[in-house]
Amino acid sequence: MIRLLPFMKQRILGYAALILCLSLLAGCSFPGSTKDPSSSTPIDGKGKLRVIFIDVGQGASQLIITPSGKTMLIDAGNNDKEQVMLDTLKRYGIARLDIVIGTHPDADHIGGLDKVIDKLSIGRIYMPKVSSNTKTFESVLRSIQRKGLKVTTAKAGLTLNLDSSVQVNMIAPRSHYEDTNNNSAVIKVVYGKHSFLLTGDAEAESEKDMLASGANLHSDVLLVGHHGSKSSTSTAFLKKVSPQYAVIQSGKGNKYGHPTQTVLKRLQKQGVKVYRNDTQGTVEFLTDGQHFQIRAER
């Protein structure tokens with residue numbers, strides 16, 4: 001479990017009462033798409049696993065909806081994407097999240113989690129045993145405390161009880177690393193013959209330990225690590241995962257140059273079909289365990 005450090009408790013006690021942000025949760029449709037979940041002809045998700053890579057700009061967030069309607073949210077974008085997250089969850093008809101995972105403390109991954117926790121019913125929360133003195137991290141912890149929730153340490157070897165027909169395993173972190181990115185929770189989701197590997201910001205050091213562990217990394221869909229930074233998605237790791245599809249979550253024109261040409265070339269060399277939030281918006285995969293259906297916002 002994550003425990004607040006003394007200096008965090010002092011800061012939290014010193015904060016003034018949070019101002020409640022009252023705003024309408026208006027459903028957003030995908031412009032020009034007849035396959036949008038809010039359109040008059042939505043794709044039937046019954047009996048299917050839905051993995052949605054939400055466009056949160058330069059950040060990351062994945063929403064998983066199981067065939068029986070169970071839900072898991074991994075990350076929630078940056079602080080300025082709180083309303084985007086709430087609107088998206090409403091659009092998919094979600095009022096409860098059975099599992100919430102904050103892969104690591106970086107703001108572009110957990111910035112929107114505080115409002116999500118405030119507004120929705122929450123089951124279990126997983127975060128790696130890594131602390132941060134940022135206001136973003138403390139805000140998430142305050143929201144967790146207000147709900148009377150506890151945090152389970154995210155680490156390799158955990159099996160998450162989400163849906164009897166869907167296997168969810170935590171592959172990393174396998175150790176404690178100096179670099180926060182390498183402490184990212186890495187989750188593998190399997191339904192029928194199809195699988196997804198969701199890597200957070202895990203970099204080469206964590207990838208090396210995953211490879212050495214002997215864990216089954218092969219997955220049909222790979223969330224490219226660290227938004228397509230050249231510090232992630234090493235050639236050895238990519239070959240072991242051997243994905244058919246990859247998704248890159250990065251913002252258009254971001255200052256980091258994500259995704260890098262180095263990673264794009266690695267993916268191209270392996271013959272991986274790439275989907276990108278910065279050029280295609282939100283990307284959704286649906287599978288009945290045998291076949292894929294893929295749609296992009298644009």
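**Close-up 1. His-227, a buried residue with a positive phi.** His-227 is tucked away as a buried residue, with a relative accessible area of 5%; buried means under 20%, using a 1.4 Å probe and protein chains only. Phi of His-227 is about 60°, a positive value even though the residue is not a glycine. You'll find His-227 in the loop that runs between strand S11 (221-223) and helix H7 (235-241). Helices (H or I, at least four residues) and strands (E, at least two) are DSSP runs, numbered from the N terminus. This is a predicted model, where local features need pLDDT of at least 70, side-chain atom pairs count only at pLDDT 80 or more, and totals for chains, interfaces and linings use all residues. Residues are numbered from 1 along each chain as its sequence is written, and side-chain values use heavy atoms, leaving out hydrogens and water.

**Close-up 2. Ser-242, another loop residue to look at.** Ser-242 sits in the loop between H7 and S12. Its phi is near 50°, again positive in a residue other than glycine. Ser-242 is partly exposed, with a relative accessible area of 40%; partly exposed covers the range between under 20% (buried) and over 50% (exposed).

**Close-up 3. The cis bond at Pro-173.** Here Ala-172 and Pro-173 are joined by a cis peptide bond, with omega at about 10°. Pro-173 belongs to the loop between strand S8 (166-172) and strand S9 (186-191). Most peptide bonds are trans.

**Close-up 4. The cis bond at Pro-259.** A cis peptide bond links His-258 to Pro-259, and omega is about -5°. Look for Pro-259 in the loop between strand S12 (245-248) and helix H8 (261-269).
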